[in-house]
Amino acid sequence: MTMNRQPFVASWSGGKDSAMAYYRALKAGAVPKKLWTMFEEDKERSKSHALPIEVVQAQAKQLGVPSMISGADWAGYEEQFLSAMRSCVDEGISNGVFGDIDLEDHLEWVQNSCKKVGMKAIHPLWMEPRRKILEEFIAVGFEAYVIVIDTKRVPAQFIGRQFTIELMDELEALGIDSCGESGEFHTVVVDGPIFKERVPIKFDEVIVQNNYHFMPVSLEN
């Protein structure tokens, strides 16, 4: 993949897959212009990863890229996605970088949605072996932690664990996808080769909502 000096907006969840896609785009020569994150309708927590806005903004600060957020429930997700991508295209940012790996339905949705507003959807991780991506993620120096778990699929004791080779081995020994590509768990990235400095975070007491366990994340004072 070559993106020499091409500007891009990164779809940014704050977790490992979006960080790796961003890293790959940089290595391909692309120039980051914006980070886009979808939040809940009240814009207090990001979707899926449940990160507070100050953590996402702190990540953006260490990346040196402006953060752009949208808020919506799932019914309004597509409308907000199109609006955000359209605003980027209007500013001359016609490439979107996404962290999808091998889920065809989501790839098609992203590509079709981007096409509607004249944006090119780029997937730097597409169809690579999941384990290979994760081993590279750790090898190049990323630091991430498990902050959301679906306990129907992943034991609760994995919450708060650092994402390591040992963690992947433990998950796979239990028959669990160590990439969490289908939403088994989510992570937050706090350091790595794309950051100027480590994002200082602290974890609070676990919150349980039905089968989901959330490890609240906030910035250290």
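Predicted model: local features only at pLDDT ≥ 70, side-chain atom pairs only at ≥ 80, totals over all residues.
Residues are numbered from 1 along each chain as its sequence is written, and side-chain values use heavy atoms, with hydrogens and water left out.

Back to H213. It lies in strand β10; strands are DSSP runs of E with at least two residues, helices are runs of H or I with at least four, and both are numbered from the N terminus. Not counting residues up to four places away in sequence, H213 touches I147, V148, I149, T151, A156, I159, V206, I207 and V208. Contact here means heavy atoms within 4.5 Å.

Now the sheet around β10. What is the order of its four strands? The order is β7-β6-β10-β9, in an open sheet with antiparallel pairing. Two strands pair if DSSP finds at least two bridges between them. The edge strands, β7 (185–191) and β9 (207–209), each pair on one side only. On average, neighbouring strands of this sheet are turned by 25° against each other, direction ignored. Strand β6 (residues 143–150) and strand β10 (residues 212–214) run antiparallel and are joined by three bridges. As one example, D150 has Y212 in β10 as its bridge partner.

A parallel case is found elsewhere: strand β1 (residues 7–11) is joined to β2 by five bridges, and the two run parallel. There, P7 has V31 in β2 as its bridge partner. Seven of the nine residues of β2 are buried, so that strand is mostly covered.

Next, two helices. Two packed helices are described by the angle between their axes and the distance between the axes. For helix α3 (residues 77–90) and helix α4 (residues 104–116), the angle is about 50° and the axes are 9 Å apart. Axes are lines fitted to C-alpha atoms, for helices over the stretch in contact, and angles run from 0 to 180 degrees between N-to-C directions. So α3 and α4 are oblique to each other: angles under 35 degrees count as roughly parallel, over 145 as roughly antiparallel, 65 to 115 as roughly perpendicular and the rest as oblique.

Which residues meet? Y77, E78, F81 and L82 in α3 meet W109, S113, C114 and K116 in α4. By class, this contact of α3 with α4 has five nonpolar, one polar and two charged residues. Ala, Val, Leu, Ile, Met, Phe, Trp, Tyr, Cys and Pro count as nonpolar, Asp, Glu, Lys and Arg as charged, and the others, Gly among them, as polar.

K43, between β2 (31–39) and α2 (53–63), has a phi near 60°, a positive value in a residue other than glycine. K43 is partly exposed, at 40% relative accessible area. M127 is not a glycine either, and has a positive phi of about 65°. M127 is exposed, at 54%.

Leaving aside neighbours within four places in sequence, S178 is in contact with L134, F163, M168, L171, E172 and F185.

Notes: Buried < 20%, exposed > 50% of the residue type's maximum accessible area, 1.4 Å probe, protein only.
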